[in-house]
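I set down here, in the order of my reading, what I looked up in this structure.

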Amino acid sequence: MSCWITYSQPSANRIAEVFSAANIVTVCEPVTEIQRLAVDGSLLQQHGDLPRFMIFLSQHAASAFLADASDEALVWLRGANTTQVLAIGPATAQVLRTAGVAAIRPEETSSEGLLAWLAAAELDPSDIVWLLTGQGGRDTVFTQLQHRCRLVRQDLYKRRERNVDALDLNKVTVAAVGSEHGLQLAARRMAGCDDLGLIVPSQRIADIAQQMGFLRIEVATASEGPSMLRAYALLHRPNRD
């Protein structure tokens, strides 16, 4: 028995290490890879007014921004008093905090959780919001915010599909997917393998997987180690309905 980790890097290796520490065999074959995009000038140079909120929608966006940021931008970001930096989840927050940036993480790790946090913070139409994200993902936050504030979007990377046709699924019993896009790509390779279990990051994606015909599904929030291991154990419990 083994678990196919379909997450992109570096999440894939991090999750694989958690499973390996629990003596669970993993197949680390991401269905997507991340390609950084060239950014023409920094947001600080392009926009004179500083934002009230700066939102990072993934660890990839945070890593790309920090890698390309000027020393001036990093000093400002680490000491920002009037700008609140929001991270969509724990991995994103960790990237920022490791770089010395005080990031806020909403309790619910999802686009909906982030939007609920902003609503509670009484977002005003005059507020400037910087949205750091990538191409090819959910546009929920962008769609919901574009008419509610002065929104500035910066795409810092794009996702590319990886070929996993050579993957041997004979000994795989569970696949861990990290997004709706990842589920769709993994499902192509799992065609005809209806008995495979799925570990998904939210109930929304669990519902989508069920609509696609998957029957054995467990939700593991935030891709955290204990949650992932618990989901894996539940998918292998005897007499599971």
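I began with burial: a residue is buried under 20% relative accessible area, exposed over 50% and partly exposed in between, with a 1.4 Å probe and protein chains only. I note that the model is predicted, that local features need pLDDT of at least 70, that side-chain atom pairs count only at pLDDT 80 or more, and that totals for chains, interfaces and linings use all residues. Residues are numbered from 1 along each chain as its sequence is written, and side-chain values use heavy atoms, with hydrogens and water left out.

**Entry: helix H10.** I took helices (H or I, at least four residues) and strands (E, at least two) as DSSP runs numbered from the N terminus. In H10, which spans residues 225-235, I found Gly225, Ser227, Met228, Ala231, Tyr232 and Leu235 buried.

**Entry: aromatic pairs.** Rings of Phe, Tyr and Trp (its six-membered ring) pair if their centres lie within 6.5 Å; planes under 30 degrees apart are stacked, over 60 edge-to-face, and the rest tilted. I counted four such pairs in the structure. One of them is Phe53 with Trp117, edge-to-face, at 5.9 Å centre to centre and 85 degrees between the planes. This pair links distant parts of the chain, 64 residues apart: Phe53 belongs to strand S4 (residues 53-56) and Trp117 to helix H6 (residues 111-120). Phe53 is buried at a relative accessible area of 0%, whereas Trp117 is partly exposed at 24%.

Trp76 and Trp130 form a tilted pair, 5.8 Å centre to centre with 55 degrees between the planes. Trp76 lies in helix H4 (residues 71-78) and Trp130 in strand S7 (residues 128-135), so the pair ties together parts 54 residues apart in sequence. Trp76 is buried at 16% relative accessibility, and Trp130 is buried at 1%.

**Entry: a charge over a ring.** The criterion is NZ of Lys or CZ of Arg within 6 Å of the ring centre and within 35 degrees of the ring normal. I found the charged end of Arg153 over the ring of Phe142, 4.9 Å from its centre.

**Entry: cysteines.** How many disulfides does the whole structure hold? I found zero, the criterion being a pair of cysteine sulfur atoms within 2.5 Å. The sulfur of Cys3 has its closest cysteine sulfur in Cys28, at 9.9 Å, which is too far for a bond. Cys3 is buried at 0% relative accessible area; Cys28 is partly exposed at 28%.
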